[in-house]
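Me: Please take a close look at the aromatic pairs here. I would like one connected account, with the chain around them as background.

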Amino acid sequence: MKILSPCFIMLALTCCLLACSTAKNSDPPKSVLIGDYQYTSYDKQGGKVVEGRLSITSVESKRVRSETVIQLKGNWQLNKVGTQEYIGPQVGSGDLVGSIDKDEIWIDLDPNISDANVFLNGKVEGKRFHGTWSFKGYAGTINQGTFEATRK
């Protein structure tokens with residue numbers, strides 16, 4: 001019995017030490033999408049509409065109903081460079097939200113507005129994403145074109 005007592009004491013101390021140790025905080029790896037992008041949009045004829053910066057500041061998994069989606073958040077600063085009309089509120093600055101599924105990206109440049117929104121829908125290819133922008137209202141698509149965003 002004298003031999004077992006030191007073993008039980010050592011076992012109890014080891015268990016206490018393991019129970020009291022803190023877990024290492026492992027932050028998820030930073031997404032390759034986070035960063036500033038040089039953004040340019042074009043009309044249907046290929047003329048420049050706006051230029052500026054899109055910034056993706058966070059990429060995180062979010063549970064929506066029974067699905068997990070990757071949510072993007074960020075902001076933008078865009079300046080009109082063309083003479084086109086009806087381009088929607090893609091001039092000035094604001095916040096953005098969006099999502100990504102595999103290599104497909106979707107961004108709303110006006111997440112707090114329920115009418116007259118500008119949406120970006122495109123493909124991610126390395127440090128760049130490109131696709132179509134659309135200015136939509138309650139009646140449907142008002143104007144659209146293409147865009148490209150390249151990581152700085």
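Reply: Helices (H or I, at least four residues) and strands (E, at least two) are taken as DSSP runs, numbered from the N terminus. In this predicted model, the chain holds one helix and eight strands. Along the sequence they follow the pattern α-β-β-β-β-β-β-β-β.

Now the rings. A pair of aromatic rings is described by the distance of the centres and the angle of the planes. Searching the whole structure gives four aromatic pairs. One of them joins tryptophan 106 and phenylalanine 119. Their centres lie 5.7 Å apart, with 25 degrees between the planes, and the pair is stacked. Tryptophan 106 sits in strand β5 (residues 104-108) and phenylalanine 119 in strand β6 (residues 117-125), 13 residues apart. Tryptophan 106 is partly exposed, at a relative accessible area of 35%.

Another pair is formed by phenylalanine 129 and phenylalanine 147. Here the centres are 5.9 Å apart and the planes meet at 70 degrees, so this pair is edge-to-face. Strand β7 (residues 128-137) carries phenylalanine 129, and strand β8 (residues 140-151) carries phenylalanine 147. The two are 18 residues apart. Both phenylalanine 129 and phenylalanine 147 are buried. They also belong to one aromatic cluster, together with Tyr37 and Tyr39.

Finally, the background. Of the 152 residues in the chain, 32% are buried. Take the contacts between residues at least 6 apart in sequence: 40% join residues at least 24 apart. The accessible surface of the chain is about 10,000 Å², and carbon and sulfur atoms account for 56% of that surface.

Definitions and conventions: Residues numbered from 1 in each chain as written. Predicted model: local features only at pLDDT ≥ 70, side-chain atom pairs only at ≥ 80, totals over all residues. Heavy atoms only, no water. Phe/Tyr/Trp six-rings, centres within 6.5 Å; stacked < 30°, edge-to-face > 60°. Buried < 20%, exposed > 50% of the residue type's maximum accessible area, 1.4 Å probe, protein only. Contact = heavy atoms within 4.5 Å. Areas by Shrake-Rupley, 256 points an atom, 1.4 Å probe, with all protein chains shown as cover.
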